[in-house]
Amino acid sequence: SAGRVGPARRSPAQPRRRSASAASADAADAAVAAGFEFVNTGGSDSLIGAGRAASDPQHRVLFSRAAPSDLQRDQPSEGRRPRLANPRSPIQYPLMPIPLGLSPSFGFGDRMGLATPGHVEAMRRAGEGIDPIFPQQSIREMARTSRSPEQVMREALAGARSAGWTGRMGADADHLKTPEDVDHTAAVGFTFFTIDPSGQVDQHADDYPADVVRARYKIGPPAPWLEDYVGRSVKLPTGTTIEFDELTCQRAAVKYGRAISAAVELAGHIRQVCDARGQGFEIELSVDETEQPTTLAEHYIIADQCLRGGMKLVSLAPRYIGDFEKGVDYKGDIAALERSLQDHAAIAEQLGPYKLSLHSGSDKLSMYPAFARATRGRFHVKTAGTSYLEALRVAARHEPALFRRIVAFARDRYDTD
């Protein structure tokens with residue numbers, strides 16, 4: 001990764017920053033209004049991200065559990081929680097992650113806590129017009145790398161600040177499955193919540209013959225919405241017509257019925273938690289982890305039901321046609337993919353609008369232009385593999401013994417993972 005990580009040296013001309021202590025959100029606001037640039041919260045998590053100082057991007061302040069001994073240091077130490085910086089200060093800190101809305105966005109997924117300066121450099125070189133998501137990690141990845149949501153957030157913000165990033169950014173709590181996942185990530189300021197109901201999807205539904213689909217629909221959970229679609233035809237601006245015959249709708253109910261209910265329920269919890277915190281949020285729905293591509297009828301039903309259920313849907317990740325493997329280019333017919341993407345994008349425009357999202361997006365270089373064209377710039381791309389593979393390249397060159405240990409460990413885990 002390009003860039004460097006570590007404390008920036010303070011110029012002799014830079015003044016010491018003024019510090020204050022705060023025992024409440026009101027006190028934190030008062031400290032900001034008075035021009036204090038560092039607020040010691042005395043260990044209170046409830047003050048980090050609380051009050052006007054954190055909710056209004058125009059009031060920037062660095063919150064911390066404990067004031068550092070040297071306020072001249074530009075890099076947060078382990079005990080400090082970077083949030084926002086005071087515009088009065090000559091030293092600028094990263095902005096608090098915010099909802100990015102429908103603007104094109106790119107998630108980088110730094111699994112090690114070291115790659116964000118390189119991601120910032122990538123944005124400088126090729127990211128004009130795109131908003132980045134630097135803090136991005138799934139609960140599964142955090143568990144496997146022994147990192148906490150707080151650590152992911154802290155290291156990504158510190159890396160962005162050390163590289164001089166001053167633009168907008170989001171923060172993606174990826175592959176959320178439980179209310180506890182939401183609670184832990186919302187508490188440290190994540191704003192982009194990716195719901196993953198894949199555990200509730202019937203992965204075999206596409207292969208069921210018609211009689212099995214009908215039987216499973218009868219014994220499955222109720223799908224009162226089914227009659228809203230049976231017999232309908234939806235003409236898309238692309239010229240494609242979606243036909244909702246009874247078997248198509250029943251198969252969608254068998255395959256995704258439980259997943260839709262689980263997603264809407266978790267979205268309600270996200271809204272409740274974030275509203276209680278006075279925290280902005282947006283939701284992405286991931287339905288890409290299936291063996292078969294998401295049909296247009298399935299996309300329409302899933303998105304329509306989630307929106308009717310009150311989900312604040314900003315993007316949806318279907319399973320597209322072709323093969324998607326992490327860290328390698330797209331495998332498939334690009335022309336056919338672009339036609340399919342245009343249809344999916346037309347549904348997103350008609351029902352939302354919301355963005356289309358590309359998961360396992362690392363190194364899909366051949367399809368990025370088609371994705372941008374088909375969505376007309378209303379897209380999100382989620383990556384993680386590239387920076388980790390580059391880190392492995394560094395390990396192979398400079399610490400071959402470590403690289404061999406990693407390879408041996410990966411081979412031992414292959415059958416399981």
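Predicted model: local features only at pLDDT ≥ 70, side-chain atom pairs only at ≥ 80, totals over all residues.
Trainee: What is the phi of Arg376, and does the residue count as buried or exposed?

Mentor: Most residues other than glycine have a negative phi. Exposed means over 50% relative accessible area. Arg376 has a relative accessibility of 80%, so this residue counts as exposed.

Trainee: Where is His175 placed, and is His175 buried or exposed?

Mentor: His175 also has a positive phi, near 50 degrees, and is a residue other than glycine. The residue belongs to strand S6 (residues 170–176). The cut-off for buried is under 20% relative accessible area. The value for His175 is 12%, and therefore His175 counts as buried.

Trainee: Which residues does the cis peptide bond join?

Mentor: Most peptide bonds are trans. The exception here involves Pro353, in the loop between helix H10 (334–351) and strand S12 (355–358). With omega at about 5 degrees, the cis bond joins Gly352 and Pro353.

Trainee: Asp343 is buried; which side chain of opposite charge is nearest, and which side chain makes a polar contact of 3.0 Å with Asp343?

Mentor: Asp343 lies in helix H10. A salt bridge requires a separation within 4 Å, whereas the nearest side chain of opposite charge, Arg339, is 7.8 Å away, and Asp343 has no salt bridge. Beyond its neighbours within four places in sequence, Asp343 is in contact with Leu236, Thr238, Thr240 and Leu296. The polar contact of 3.0 Å joins the side chain of Asp343 to that of Thr240.

How values were computed. Residues numbered from 1 in each chain as written. Heavy atoms only, no water. Helix = DSSP H or I, 4+ residues; strand = E, 2+ residues; numbered from the N terminus. Buried < 20%, exposed > 50% of the residue type's maximum accessible area, 1.4 Å probe, protein only. Lys, Arg positive; Asp, Glu negative; His and termini not counted. Polar contact = N/O pair within 3.5 Å; in protein donor to acceptor, adjacent residues only side chain to side chain. Contact = heavy atoms within 4.5 Å.
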